[in-house]
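Trainee: Could you take me through one part of this model closely, in a single connected account?

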Amino acid sequence: GAQHVSDFLQNKNSSLKILNLSVNQFGIIGAQAVAQGLWGNSVLTHLNLSRNNLQDDGAASVAEGLRRSSLTHLILNHNNIGSTGANRLADVLKDHSYLKALDLRANKIGSDGFIGLAKALGVNSSSILKTLHLSQ
């Protein structure tokens, strides 16, 4: 499943801009495969991975994929992401200049994750992030 998506995203002929993979429950391994597909993909702008039980390791994989992509909208709500995963995303946000919206609602980010995200956004002068959802 997720590996096929990864292969498709890596296809240089793909014109797909929006991909909704919510509620597939592919977990960490699926997140790793999708993240690999993001590497170098300059077409995809919207990715919804909500309700896939990504956890911290999956969020870390997605963060690495985000680093190498031009995504403008990333939805990761309801994925059991904790402060470790949030801080991995924060590390990428320090330098990422494409993302306009990040949805991390209904995760377990905690105060450490919130602080990490806030600091990351504070140091990135080229950030165009306009929407950040963090509600529980």
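Mentor: Asp103 stands opposite His133 in strand 5, where a strand is a DSSP run of E of at least two residues and a helix one of H or I of at least four, both numbered from the N terminus. This is a predicted model, in which local features need pLDDT of at least 70 and side-chain atom pairs pLDDT 80 or more, while totals for chains, interfaces and linings use all residues. Residues are numbered from 1 along each chain as its sequence is written, and side-chain values use heavy atoms, without hydrogens or water.

Strand 4 (residues 101-103) runs parallel to strand 5 and is joined to it by three bridges; two strands pair if DSSP finds at least two bridges between them. Both belong to an open, parallel sheet of five strands in the order 1-2-3-4-5, whose edge strands, pairing on one side only, are strand 1 (18-20) and strand 5 (131-133).

Within helix 1, Ser6 counts as buried because its relative accessibility is 0%. A polar atom of its side chain lies 2.8 Å from the backbone oxygen of Ala33. Apart from neighbours within four places in sequence, Ser6 is in contact (heavy atoms within 4.5 Å) with Ala33, Val34, Gln36 and Gly37.

Note on methods:
Buried means under 20% relative accessible area, exposed over 50%, partly exposed in between (1.4 Å probe, protein chains only). A polar contact is a pair of N or O atoms within 3.5 Å; within protein, one must be able to donate a hydrogen and the other to accept it, and residues adjacent in sequence count only if both atoms are side-chain atoms.
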